[in-house]
Amino acid sequence: MRYTRAFFPTLREDPAEAKKTPSHRLLLRAGYIRQVGAGIYEFLPLGLRVLRKVESIVREEMDRAGAQEVSLPALLPADLFKETGRWDLFGSTLFRLHDQKKNDYHLGPTHEEVITDLVRSVVKSYRQLPINLYQIQWKYRDEARPRAGLLRCREFLMKDAYSFDADEAGALKSYAAMREAYKAVFRRVGLDYRIVSADSGAMGGSTSAEFQILAETGEDAIVVCSNCDYAANVEAAVARRSETSASAPSGQRHKMVATPDKKTIEEVAAFLKVETRATVKAGAFMFGKGPGDAGALALTFVRGDRRVNEVALARELGANWVRMAEDHELEKAGVVAGYVGPFELPASVSVVLVDGEIAGAQDMVIGANKAGHHVTHASMVVALEKLGARGKACDIRAVGAGDLCASCGAALQEFKGIEGGHIFVLGTHYTKKMNVTFLDEKGTENLIVMGCYGIGVSRLVASAVEQRHDGDGIVWPMSIAPYHVIVTPLAADGPMMEAAEKLYHSLVAMGVEAILDDRDERPGVKFKDADLLGIPLRVTVGKKSLEQGKLELKARNAKDAELIELETAAEQIAARVKAAIAG
Ligand SMILES: [Zn+2]
């Protein structure tokens, strides 16, 4: 591609609407995408090249895993969604429309029903199973708040695959094959990711997992082991149980102090001039078993800088539901909201859980159960003794950085993640609803067992930029860069331009995707644009080096340039590109 002929509409300034998310800002600024409406984007030539490369990698790995590509329509009659009840369940995120005969239609947000209907009409016998069908298709969801460019939009490109097996064991095998294919995709796209169990956080035997791409702008909070493969969503994360050995008493007496109008941990800590970790945060929850239960009150105490993990809390309480208690529910129990503490609790409070991390702490600031007052130098050991059967020390805090891995004991770290892929075994959820059966070897009718597997293809493009950019622009990995090399002569005519032309044509002949920057611009402008675009390799043809029969080669992610022989430049560059793509 000759730069003078290229449609690369870069922007001089950062677009005002895209300050927060690097990928949004850089993809707009470097001319990869343009917004047409809220959450709707055009892919310009550079953007489409990247999208197509991610698509190709996904397609290759799906094909390698034995899946077969189909193309299902984006425009769908409502009947199938009505059959499974999702016509109503999807609510306002479904784009609904009518044809001229006033029939209901929608745009596909996902395709379980359509593909299941296809398989229902074809598969009759166990001999036709297993099958794994996939497509790479635009999806539509009417997000209330589309934002962050390609990370959350209303039209986006997805790869969705669906496996159909004769039994659970077969479905688990299909799931395992997809897990491996996804690992290959994420590695080849050049992403730093973790496989996060979405259900329990327990290791092994899982039937659902998210491929989380680590990025500061991610919406999901995940906990990752610094040593082993353990990774989980913060809500589901577990850690090694706390030691509850007592710390030494401060020697100062437990004392009630006035803290007028100081209710939050931050206010109290600032007022008493202690760190938040020297305070205890109280929580009040209602919990119960059945949905109709009135529920009972449980008080929780965790270190001031921690928060309660409601999943862990429900587990400790043996409850099917927990929710924060309302102020009036606390009042009814005789507890003073904002000043809740473990001492002098009315008999109406029968469940008090103290987080294991502070169960042995001897010198804490805690609510006094008296409006406008806290207790200083409080001992949680004494508090638990006094509570007797009402009190229990157990792990109820949200796991975070510094906790220890339950599997290997190494330190856990906290990250933000972007969900780039999701795999799970659906079981017979859809095949039951849609009556999709096959005859087994004995002639018995059985339900087909399904799995489904998604990758956000357009989201992966943005995620790669989230992970790989600097102050000057994008830093593409070779595997998905729109072009591999940009050839930059420092003059638009004469010997430098001639050498650049020659190199450009040799590279193209060798299958290297190259841009020739033939613009009559200052070197500084050319270098700035090459960096903004993020092309992995830049070859500079300058007067001095050319006279010595050399060219300057600089990798986008390297600090310095190196000199290479003009004579063998094309071969060297082609070999480097090939090696980088192979990873
Ligand atoms: Zn570990």
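These legends describe close-up views of one predicted model.

Residues are numbered from 1 along each chain as its sequence is written, and side-chain values use heavy atoms, without hydrogens or water. Because the model is predicted, local features need pLDDT of at least 70 and side-chain atom pairs count only at pLDDT 80 or more, while totals for chains, interfaces and linings use all residues.

**View 1. Four cysteines hold the zinc ion.**
The donors are the SG atoms of Cys225, Cys228, Cys405 and Cys408, at 2.3 to 2.4 Å from the zinc ion. (Donors are N, O and S atoms within 2.8 Å of the metal, or 3.2 Å for Na, K and Ca; water is not among the atoms, so sites may look incomplete.) The angles between the 4 donor atoms run from 99 to 117°, so the arrangement is tetrahedral. (Four donors count as tetrahedral if all angles lie between 85 and 135 degrees.) For four tetrahedral donors, the ideal angle is 109.5 degrees. Along the sequence, the donor residues follow the spacing C-x2-C-x176-C-x2-C. Cys225 sits in strand 11 (residues 220-225) and Cys405 in the loop between strand 20 and strand 21 (412-427), so this pair links distant parts of the chain, 180 residues apart. (Helices, H or I with at least four residues, and strands, E with at least two, are DSSP runs numbered from the N terminus.) Cys225 is buried at 5% relative accessible area. Cys405 is buried too, at 0%. (Buried means under 20% relative accessible area, exposed over 50%, and partly exposed in between, with a 1.4 Å probe and protein chains only.)

**View 2. A salt bridge joins Asp160 and Lys139.**
The closest N and O atoms of this pair are 2.8 Å apart. (A salt bridge is a side-chain nitrogen of Lys or Arg within 4 Å of a carboxyl oxygen of Asp or Glu.) Asp160 belongs to strand 8 (residues 155-165) and Lys139 to strand 7 (residues 131-140); the two are 21 residues apart and link distant parts of the chain. Asp160 is buried, at 3% relative accessibility. Lys139 is buried as well, at 1%. By the same rule, the count comes to 41 salt bridges.

**View 3. Asp529 and Arg519 meet in a salt bridge.**
The N to O distance is 2.9 Å. Asp529 lies in helix 14 (residues 523-533), and Arg519 lies in the loop between strand 28 (514-516) and helix 14, so the pair ties together parts that are 10 residues apart in sequence. Both are buried: Asp529 has 13% relative accessibility, and Arg519 has 15%.

**View 4. Salt bridges link several residues in a network.**
Its members are Arg303, Asp305, Arg306, Asp355, Glu357, Asp395, Arg397 and Asp403.

**View 5. Strand 9 pairs with strand 10.**
Strand 9 (residues 193-197) is largely enclosed by the rest of the structure, because 4 of its 5 residues are buried. Strand 9 and strand 10 (residues 208-214) run antiparallel over 5 bridges. (Two strands pair if DSSP finds at least two bridges between them.) Arg194 has Gln212 in strand 10 as its bridge partner. Arg194 also forms a salt bridge with Asp192, with closest N and O atoms 2.9 Å apart. Arg194 is partly exposed, at 26%. Asp192 is partly exposed, at 39%.

Strand 14 (residues 280-288) pairs with strand 16 in the antiparallel sense over 4 bridges. Gly288 stands opposite Trp321 in strand 16. (Axes are lines fitted to C-alpha atoms, for helices over the stretch in contact, and angles run from 0 to 180 degrees between N-to-C directions; contact means heavy atoms within 4.5 Å.)

**View 6. Thr259 is buried in a loop.**
The loop runs between strand 13 (255-258) and helix 7 (265-272). Relative accessibility at Thr259 is 0%. Leaving out residues up to four places away in sequence, Thr259 touches Phe271, Leu272, Tyr339, Gly372, His373 and His374.

Note on methods:
Four donors count as tetrahedral if all angles lie between 85 and 135 degrees; four count as square planar and six as octahedral if opposite donors are over 155 degrees apart and all others between 65 and 115; anything else is irregular.
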